[in-house]
Each structure stands twice: as structure tokens, then as C-alpha cells.
Amino acid sequence: MFMVAYVKLSSHEGNMTAGTDEKTIDGFSEELVDEIINELRMERYYPKAVRRTYIPKKDGRQRPLGIPSFRDKLVQEVIRTILEAIYEPTFLESSHGYRPKRSCHTSLCQVKKGMGTSWVIEGDIKGFFD
């Protein structure tokens with residue numbers, strides 16, 4: 001699973017961005033995977049602090065962005081894969097948020113096709129992820 005996670009992460013733009021430990025995807029090896037698995041087994045794995053940077057927005061403000069270490073990205077991807085395999089089959093067909101091959105566009109298409117909805121609420125909580 002770690003090898004599959006590596007392949008998925010390696011295709012992402014920004015995969016060479018270092019976290020707080022200054023390591024990137026270049027440091028990937030079977031030894032790293034063995035080390036992480038051993039730490040997880042022994043319950044000694046602890047994620048590192050996330051590096052905070054700010055991305056400029058069109059309106060001139062800045063959006064905060066957290067950059068985890070590569071090790072943490074790798075573990076997160078493995079856990080995401082496991083949880084997706086467990087929960088994805090139980091989600092309703094009408095659920096679109098943060099799911100594979102689904103987006104706000106697929107949701108809008110489903111509403112347009114007519115799902116018996118008489119009203120829709122859209123909202124945004126300012127600074128939710130801050």
C-alpha cells in the first residue's frame with residue numbers, strides 16, 4: 001500500500017515541496033517504508049509539525065496553507081485508501097463531497113436531472129480551515 005501511495009503522490013504537482021523536516025519525495029525507499037511500518041506497529045509514529053505558508057488570493061489577501069512532511073503525506077495517503085475502501089461502498093449515490101470521481105459539478109448535474117429537490121442551501125463558513 002505504501003508503494004501505491006508513493007506512486008499516487010509522485011504524480012501530484014508540488015511533490016518536491018519539503019515539510020518541516022526538509023525532506024521531499026526524493027527520500028523514498030523501501031527502508032523508509034519499513035521504518036514507518038515498524039513505528040506504526042510499535043505505536044511510536046508521530047506526525048511532524050506542518051509547515052505554514054501563505055498563498056496570495058486574487059483579492060490581495062492571503063490563504064494559509066499547511067505543508068506536511070513527506071512521511072506524513074505517505075501515511076495519510078495509505079490511511080485515506082484504507083478508509084475509502086471501507087466507507088465508499090456505504091455512501092449514498094447522492095453524496096458528492098470529497099469522493100472519487102465526484103465534485104460540485106457532478107452534484108449540480110444530479111440536481112439538474114431532477115432529484116425531487118425544491119430548494120438547495122449553499123454556504124461557506126469564513127475561515128473554516130483556519
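Colleague: What is the handedness of the crossing of helix 2 and helix 3?

Modeller: In this predicted model, helix 2 and helix 3 cross in a right-handed way.

Colleague: And which residues make that contact?

Modeller: From helix 2 you have Leu32, Glu35, Ile36 and Glu39, and from helix 3 there's Phe70, Arg71, Leu74 and Val75. Sorted by class, that's 5 nonpolar, no polar and 3 charged residues.

Colleague: Why are helix 2 and helix 3 called roughly perpendicular?

Modeller: Look at the angle. The axes of helix 2 (residues 30-41) and helix 3 (residues 70-87) cross at roughly 70 degrees, coming within 12 Å. Angles of 65 to 115 degrees count as roughly perpendicular, so helix 2 and helix 3 get that label.

Colleague: Now helix 1. What makes helix 1 roughly perpendicular to helix 3?

Modeller: Helix 1 (residues 2-10) packs against helix 3 at about 110 degrees, and their axes are 9 Å apart. The range for roughly perpendicular is 65 to 115 degrees, so helix 1 counts as roughly perpendicular to helix 3.

Colleague: Which residues meet where helix 1 packs on helix 3?

Modeller: On the helix 1 side they are Phe2, Ala5, Tyr6, Lys8 and Leu9. On the helix 3 side they are Phe70, Lys73, Leu74, Val75, Glu77, Val78 and Arg80.

Colleague: How many nonpolar, polar and charged residues does that contact have?

Modeller: The contact of helix 1 with helix 3 has 8 nonpolar, no polar and 4 charged residues.

Colleague: Left-handed or right-handed, how does helix 1 pass helix 3?

Modeller: That crossing is right-handed.

Terms used:
Residues are numbered from 1 along each chain as its sequence is written. This is a predicted model: local features need pLDDT of at least 70, side-chain atom pairs count only at pLDDT 80 or more; totals for chains, interfaces and linings use all residues. Side-chain values use heavy atoms; hydrogens and water are left out. Axes are lines fitted to C-alpha atoms, for helices over the stretch in contact, and angles run from 0 to 180 degrees between N-to-C directions. Helices (H or I, at least four residues) and strands (E, at least two) are DSSP runs, numbered from the N terminus. Angles under 35 degrees count as roughly parallel, over 145 as roughly antiparallel, 65 to 115 as roughly perpendicular and the rest as oblique. A crossing is left-handed if the near helix is turned anticlockwise from the far one by less than a right angle, and right-handed if clockwise. Contact means heavy atoms within 4.5 Å. Ala, Val, Leu, Ile, Met, Phe, Trp, Tyr, Cys and Pro count as nonpolar, Asp, Glu, Lys and Arg as charged, and the others, Gly among them, as polar.
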